[in-house]
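Visitor: I would like to go through this model with you, one question at a time. Could you show it first?

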Amino acid sequence: MKLSQFKYRLPEELIAQSPSEERDDARLMVVNRKDGSIENHEFREIINYFDDGDLMVYNDSKVFPALLYGNKEKTGARIEVFLLRELSEENKLWDVLVEPARKIRIGNKLYFGDDDSMVAEVIDNTTSRGRTLRFLYDGPHDEFKNELYRLGSTPLPAYIKRESTPEDSERYQTIYARHEGAVVASGAGLHFSREILKRLEIKGVGQAFITIHSGLGNYREIDVEDLTKHRMDSEEMVADQELVDKVNATKDAGHRVCAVGTQVLRGIASAVSMGGHMKTYTGWTNKFIFPPYDFTVTDALISNFHLPYSTMLMMVAAFGGYDLVMEAYRKAVKEGYKFGVYGDSMLII
């Protein structure tokens with residue numbers, strides 16, 4: 001398929017800029033692949049579509065406060081620093097993006113905090129915007145990490161046209177997040193409240209967790225028309241034995257496995273084994289999924305509404321069928337659904 005096939009008209013006012021008042025206070029569009037129907041519901045009705053023995057798979061990765069603002073030595077220029085990945089605990093090295101990149105060279109020092117309590121030195125250029133920083137901090141690693149995160153803020157997507165607030169530190173995070181490492185939240189997972197999880201449990205719907213540390217590659221622009229030539233950024237993931245056992249037992253019993261979010265869909269597809277089963281996997285995945293694609297494990301998908309040309313939209317279209325998903329998106333625009341990580345939800349069955 002071609003990149004241009006994932007263009008659609010999205011009025012800017014439909015891109016959600018803030019979370020809903022309650023986590024599960026969202027609309028739910030239900031797309032049925034068997035009969036092609038598209039129905040409008042509320043997210044709280046999600047439990048009506050799952051039965052005793054079905055399994056929900058969630059991403060338990062935790063978003064960390066990756067966005068910092070510092071000042072360059074001598075000039076005092078304000079520099080945005082986006083923490084991507086810790087490279088060395090011992091040496092306090094981080095892979096980061098800086099903006100404006102043209103002002104930052106190897107050897108420059110950056111100062112963070114009102115009292116310049118944190119200092120970092122640029123030691124390497126990795127890409128046009130990428131840099132490696134060494135943080136000059138003498139205390140123990142835990143103390144350093146706490147201080148770094150105190151200075152950081154929630155890394156909201158660029159399409160949210162405001163700075164993050166203390167509310168975002170809670171709401172741009174699923175309630176089951178536990179393994180730190182993501183800079184992109186699971187939009188589908190944000191809708192799950194404790195009440196919804198409890199009601200699913202009472203109904204007999206199981207839960208399992210995969211860990212996928214979602215990175216900025218999800219939002220990187222695709223610059224090729226031929227999608228076979230696009231290369232996804234790698235993301236760290238863990239599919240452990242407990243997850244695999246639950247998924248395989250669900251499949252063997254003839255029940256359904258539902259992926260909560262496109263990253264879960266991608267993670268499961270990265271750990272597929274023979275006969276519609278999963279295998280354990282710990283490592284990195286750069287799997288890029290777009291139509292057509294044969295999903296042998298996942299039977300249902302919960303996802304938010306994604307922006308035009310995005311890799312997440314392509315994954316949804318691969319799962320739900322290109323024509324049906326694009327029809328659903330046109331209907332969502334017409335009926336005023338909210339798009340993006342803080343937007344409304346879609347269930348494909």
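Guide: What follows is a short exchange about the sheet, a helix pair and some backbone details.

This is a predicted model, in which local features need pLDDT of at least 70 and side-chain atom pairs count only at pLDDT 80 or more, while totals for chains, interfaces and linings use all residues. Residues are numbered from 1 along each chain as its sequence is written, and side-chain values use heavy atoms, with hydrogens and water left out.

Visitor: Which strands stand at the edges of the open sheet of 9 strands?

Guide: Strands and helices are DSSP runs numbered from the N terminus (E, at least two residues, for strands; H or I, at least four, for helices), and two strands pair if DSSP finds at least two bridges between them. The order is β2-β1-β17-β16-β14-β3-β12-β13-β15, with mixed pairing. Each edge strand has a single partner strand, so one side of each is left without a neighbour in the sheet, and these strands are β2 (38-42) and β15 (281-285).

Visitor: In β15, which residue is the bridge partner of methionine 237?

Guide: Strand β13 (residues 235-239) runs antiparallel to β15, and 5 bridges join the two. In β15, the partner of methionine 237 is glycine 283.

Visitor: At what angle do the axes of α5 and helix α6 cross?

Guide: Axes are lines fitted to C-alpha atoms, for helices over the stretch in contact (heavy atoms within 4.5 Å), and angles run from 0 to 180 degrees between N-to-C directions. The axes of α5 and α6 (residues 311-320) come within 10 Å and cross at roughly 65 degrees.

Visitor: Which residues of α6 make the contact with α5?

Guide: On the α5 side, the contact is made by Thr262, Gln263, Leu265 and Arg266. Their counterparts in α6 are Met312, Met315, Val316 and Phe319.

Visitor: Is lysine 92 buried or exposed?

Guide: Lysine 92 lies in the loop between β6 and β7, and its phi is near 55 degrees, a positive value in a residue other than glycine. Lysine 74, in the loop between β5 (67-72) and β6 (78-88), also has a positive phi, of about 70 degrees, and is exposed, with a relative accessible area of 84%. With buried meaning under 20% relative accessible area, exposed over 50% and partly exposed in between (1.4 Å probe, protein chains only), lysine 92, at 9%, is buried.

Visitor: What is omega for the cis peptide bond that joins proline 291 and proline 292?

Guide: Most peptide bonds are trans. Proline 292 lies in the loop between β15 and β16, and for the cis bond joining proline 291 to proline 292, omega is about -10 degrees.
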